[in-house]
Amino acid sequence: MNLNEIAIHLDDCALKVKTTPSLRSETAFTLDEAYQIQELSVQQREQRGEKRVGVKLGFTSKEKMRQMGVNHLIWGVITDAMHVKNGGEIVLSHFNHPRIEPEIAFITKEVIDAPLTMENALEKISAICPAMEVIDSRYEKFKFTLEDVVADNTSSAAFVLGDEVGVNTDISDCAVKMYENDEIVQQGSTAALLGHPIQCVVQVSELLAKKGQALPAGSIILAGAATAAHAMQTGCTYKTEIETIGSVNLSSQAAK
């Protein structure tokens, strides 16, 4: 398959809720080509009316890197169709093998079109909020290479945002707890995100600059998981509490 055929195939897997074997094992595409496939796949979504609303980072914590067996930071595109309102619900039958993870999200105040530093990154941000991301690989048994997952838009599926807090909120080392119903299933610290969550904004700016791209004002940046992902079950409520930032929740059901 060529790059466009791979993009169409992955998009079809997402639409029809089906899986595929690792594509990298059949077609030798590079990491740069994987990002090209990702872009072509997102364009398929746009043709159906979806709109880009931001980006997500993957593998920004050592725990996540260990879980997935990689040591590379990656990124993907999020769209309006992936957004679930706070307190809303998702239908698990719409996904192959959904997993959920606690995150921090940043809302951009200005266009990001050049590399930033830890010192000036906050100048580009209007707000911070607690978030959770639902990931869902289109690969069989959640097994894939680095190139595979990038091509698959870094397993993007859905996300939920909590209430916004000011950019001066200290988020450097906040306790993170994620609950399934009333049981804590994951916990960690925001410091797991590249040592400091703001570093994730810096990384986004560097990745954009390398690709000659810009992130518009009002965009969402999902900073990556502060813990390992948790396999979702039907009929459950998932809630993430982040110290000083707030909480966010959603529920799951089998079908609709």
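This is a predicted model: local features need pLDDT of at least 70, side-chain atom pairs count only at pLDDT 80 or more; totals for chains, interfaces and linings use all residues.
Numbering starts from 1 along each chain as its sequence is written, and side-chain values use heavy atoms, with hydrogens and water left out.

**Stop 1: Arg52 and its partner**

Arg52 and Glu39 form a salt bridge, with 2.6 Å between their closest N and O atoms. The pair links distant parts of the chain, 13 residues apart: Arg52 sits in strand β1 (residues 52-58) and Glu39 in helix α2 (residues 31-47). A salt bridge here is a side-chain nitrogen of Lys or Arg within 4 Å of a carboxyl oxygen of Asp or Glu. Side chains of opposite charge can pair when their charged atoms come close. Glu39 is partly exposed too, at 28% relative accessible area.

**Stop 2: zoom out**

Show the whole protein as a cartoon. You will find 5 helices and 13 strands. The radius of gyration is 17 Å, close to the 18 Å that the globule rule gives for 256 residues, so the protein is as compact as a globular protein of that length. That radius is taken over C-alpha atoms, and the rule is 2.2 Å times the number of residues to the power 0.38. Helices (H or I, at least four residues) and strands (E, at least two) are DSSP runs, numbered from the N terminus. Along its principal axes, the C-alpha trace spans about 50 × 45 × 35 Å. Of the 256 residues, 53% are buried.

**Stop 3**

The whole structure holds 12 salt bridges. Which residue does Glu110 pair with? Select Lys124: its salt bridge with Glu110 has closest N and O atoms 3.3 Å apart. Both residues lie in the loop between β5 (99-108) and β6 (125-135), so the pair ties together parts that are 14 residues apart in sequence. Glu110 is partly exposed at 36%, while Lys124 is buried at 19%.

Move on to Glu241 and Lys239, a salt bridge with a closest N to O separation of 3.4 Å. Both are partly exposed, Glu241 with a relative accessible area of 30% and Lys239 at 30% as well. Elsewhere, salt bridges that share partners join Asp12, Lys16 and Lys18 into one network.

**Stop 4: Ser155**

Next, select Ser155, in the loop between α4 (146-151) and β7 (156-161). Is Ser155 buried or exposed? Ser155 counts as buried, at 4% relative accessibility. Leaving aside neighbours within four places in sequence, Ser155 is in contact with residues including Val134, Ile135, Phe144 and Val149.

**Stop 5: Asp173**

Finish at Asp173, in the loop between β7 and β8 (175-180). At 53% relative accessibility, Asp173 counts as exposed. Not counting residues up to four places away in sequence, Asp173 touches Ser189, Thr190, Ala191 and Glu243.

Technical notes:
Buried means under 20% relative accessible area, exposed over 50%, partly exposed in between (1.4 Å probe, protein chains only). Contact means heavy atoms within 4.5 Å.
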